[in-house]
Amino acid sequence: FKLLGTEIYVSFLFFAVLHFMLLIDKTGLCFLCVFSFFVHEAGHLFACFLFESQPKSIKLVPASILITRSFERRKSGEILIALFGPLASLLTALTFFLNFRLTKNMTALNLSLINFIIFAFNLLPVNGLDGGTILREIIKRKKGERKAQKTLFFLSLIIGVLTVFAAAYLCIGKRVNVSLLLLGVYFIVCSLLRAN
C-alpha cells in the first residue's frame, strides 16, 4: 500500500516471525524490543523527510526494515539520515531512564536499556548497520567509493570473526551464548553480501 507517496511493503514472513516471537515471549520484553526498533526506524524516516529525501519504499522483512530513496540526497544527508536512527534510540533511552529514576518503574528501565543497546549496536562500523553507513560515507569523501567499500568489508569481516571467536570461547567455558554466535555470523554474512 502507499502512504504519503511512499510504497509500504510488509512481507508475510515478517508478520509470521513477529507473531511467533510475541507468542513465545513470556517476559514481555519482545513487545518492548519491537517498539524500540520502530522508534529507531522512525528516526531515520524523520530525517528522510527533514533532509528532503522522501523514501520511495519501506519494506518490512524478517530481521530488517529496508528504506530506499528514489533520488540523490544532499551530500550531508546520507550521514545525517544514518545518524538519526541511533539518536532517536539514545533520546528514547534517556527519556525512559529519567522516567525510571522518577517512578522506579521496571518497564521504563527495560525500555531504557533496550534502546541504549540498539543505539550502541547500530553505531558499530559494520556493513548493514548505521555505523557502517556513516564510516563508508566519510571514507568515500576522502578516499573514494572503492576504498570505502574495501575498508568496510574488512572491518565487518574482522568484527564478525572476533564475535564468533568470543562465542566459541564462551562455549569452551561452558557458557553457551547462541545470540553472540548468530551475531558474528550475521556480521560475516553482511560483509560478504556487500563485498564488491
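Student: Is Phe 97 buried or exposed, or partly exposed?
Tutor: Phe 97 is partly exposed in this predicted model, with a relative accessible area of 38%.

Student: And Phe 100, what's its relative accessibility?
Tutor: That one is 15%, so Phe 100 counts as buried, the cut-off being under 20%.

Student: Where do Phe 97 and Phe 100 lie?
Tutor: Both are in helix α3, three residues apart, which is about one turn of the helix. An α-helix has 3.6 residues a turn, so residues three or four places apart point the same way.

Student: How many aromatic pairs does the structure hold?
Tutor: Seven. Phe 97 and Phe 100 form one of them, a tilted pair with 6.3 Å centre to centre and 40° between the planes.

Student: What about Tyr 186 and Phe 187, how are their planes set?
Tutor: Tyr 186 and Phe 187 also make a tilted pair, at 6.1 Å between centres and 50° between planes. Tyr 186 is partly exposed at 31% relative accessible area, while Phe 187 is buried at 2%.

Student: Which residues form a cluster there?
Tutor: Phe 121, Tyr 186 and Phe 187 form one aromatic cluster.

Student: Switching to charges. How many salt bridges are there?
Tutor: The count comes to two. In one, Glu 137 bridges to Lys 140, with the closest N and O atoms 3.3 Å apart. In the other, the side chains of Lys 140 and Glu 145 meet at 3.5 Å, N to O. Together, Glu 137, Lys 140 and Glu 145 are linked in a network.

Student: Which of those are buried or partly exposed?
Tutor: Glu 137 is buried at 8% relative accessible area. Lys 140 is partly exposed at 30%, and so is Glu 145 at 36%.

Student: Which helix holds Glu 137 and Lys 140?
Tutor: Both lie in α5, three residues apart. Helix α5 covers residues 130–143 and reaches 20 Å from its first C-alpha to its last, close to the 20 Å expected at 1.5 Å a residue.

Student: What does the buried part of α5 pack against?
Tutor: The buried residues of α5 pack against α2, α3, α4 and α6. Among those buried residues are Gly 131, Gly 132, Ile 134 and Ile 139.

Student: And what comes just after α5?
Tutor: Gly 144, which takes a positive phi of about 105°.

Student: Last topic, the surface. Which residues make the nonpolar patch?
Tutor: Leu 13, Val 17, Phe 20, Met 21, Leu 23 and Ile 24 make a nonpolar surface patch of about 570 Å². Phe 20 is found in helix α1, residues 12–24.

Methods:
Residues numbered from 1 in each chain as written. Predicted model: local features only at pLDDT ≥ 70, side-chain atom pairs only at ≥ 80, totals over all residues. Heavy atoms only, no water. Patch = residues over 30% accessible without salt bridge, like charges linked within 9 Å, V, L, I, M, F, W, Y side chains within 5 Å. Areas by Shrake-Rupley, 256 points an atom, 1.4 Å probe, with all protein chains shown as cover. Salt bridge = Lys/Arg side-chain N within 4 Å of Asp/Glu carboxyl O. Helix = DSSP H or I, 4+ residues; strand = E, 2+ residues; numbered from the N terminus. Expected span 1.5 Å × (residues − 1). Buried < 20%, exposed > 50% of the residue type's maximum accessible area, 1.4 Å probe, protein only. Contact = heavy atoms within 4.5 Å. Phe/Tyr/Trp six-rings, centres within 6.5 Å; stacked < 30°, edge-to-face > 60°.
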